[in-house]
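I opened my notebook for another look through a structure. Here is what I looked up, entry by entry.

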Amino acid sequence: MKTLFPHLIRAATAGLILAAGVPAAFADMNATVTTDLNLRAGPGPQYPVLGVAPGGSTAALEGCIEGSLWCRVNAGGVSGWAYSKYLQTESGGSTVVISERRQEIGVPVVSYEATGATVTTGPEPLELIGRVDDIPTVAPPPTVRTYITENPVEPVYLEGEVVLGATVPSAVAVRPIPDYEYEYVVVNNQPVLVEPATRRIVYIYR
């Protein structure tokens, strides 16, 4: 996906974002999105997707929650929460991952107060293995989506974000698709195709 597609979603769970002392100089700090990345209505995989920031695009980094890997960003005019393991910035002449150096580079702290029901996520995170470029190019036929739609499965909620190359933990059951090489599961409310041998996500239905 090469453009940002915001969806007009009314989130069932609302929240209040409180920025803590954001310095004026920080307003110009940008982050590079390393892969197609969901922008969510709240800091967690259980919140609705507002849009997708394409890999290689630039997002304004507004701040991150203390002790969390979720950060508030603005990409293409859409403000949302993104998983910071897939955000990079320049610092001291080198590229750093936001989740690894946020205090060192002075990312401000923001908070989020959720109201309403929440969803408990699983104990194992989704983690990116290798480079996204290593993932095979998959173009599933329409019959695959039809099969997934007609054979729904309960979603599983895992920490992290649904991205190409992320690994589905072995404890999560994936379902075969007749006469097709990939299997499927619904992770964080998104149907995905999984490579059986590696359990990597190779296609995301958005």
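Which residues does Val73 touch, not counting residues up to four places away in sequence? I am working from a predicted model, and there I found Leu39, Ala59, Ala60, Leu61, Glu62, Val78, Ser79, Gly80, Ala82 and Leu87.

I then placed Val73 in strand β6, residues 70–75. I noted a relative accessible area of 1%, so Val73 is buried.

Next I turned to the nonpolar cores. The largest has 43 residues, and Leu61, Leu87, Val185 and Val192 have the most contacts inside it. I saw that this core draws at least three residues from each of domain 1 (29–110) and domain 2 (142–204). A second, separate core has twelve residues, including Ile135, Ile177, Val186 and Val202.

I also checked Val185: leaving aside neighbours within four places in sequence, its contacts include Val156, Val168, Val172 and Val192.

My last entry is on the rings. I counted seven aromatic pairs. Tyr47 and Tyr112 make an edge-to-face pair, 5.7 Å centre to centre with 80 degrees between the planes. Tyr47 lies in the loop between β3 (37–40) and β4 (49–53) and Tyr112 in strand β10 (residues 109–114), so their pair ties together parts 65 residues apart in sequence.

Tyr180 is partly exposed at 22% relative accessible area, whereas Tyr182 counts as buried at 8%.

Conventions
Residues are numbered from 1 along each chain as its sequence is written. This is a predicted model: local features need pLDDT of at least 70, side-chain atom pairs count only at pLDDT 80 or more; totals for chains, interfaces and linings use all residues. Side-chain values use heavy atoms; hydrogens and water are left out. A nonpolar core is a set of buried Ala, Val, Leu, Ile, Met, Phe, Trp, Tyr and Cys residues joined through side-chain atoms within 4.5 Å. Buried means under 20% relative accessible area, exposed over 50%, partly exposed in between (1.4 Å probe, protein chains only). Domain bounds come from an automatic or database domain assignment. Contact means heavy atoms within 4.5 Å. Helices (H or I, at least four residues) and strands (E, at least two) are DSSP runs, numbered from the N terminus. Rings of Phe, Tyr and Trp (its six-membered ring) pair if their centres lie within 6.5 Å; planes under 30 degrees apart count as stacked, over 60 as edge-to-face and the rest as tilted.
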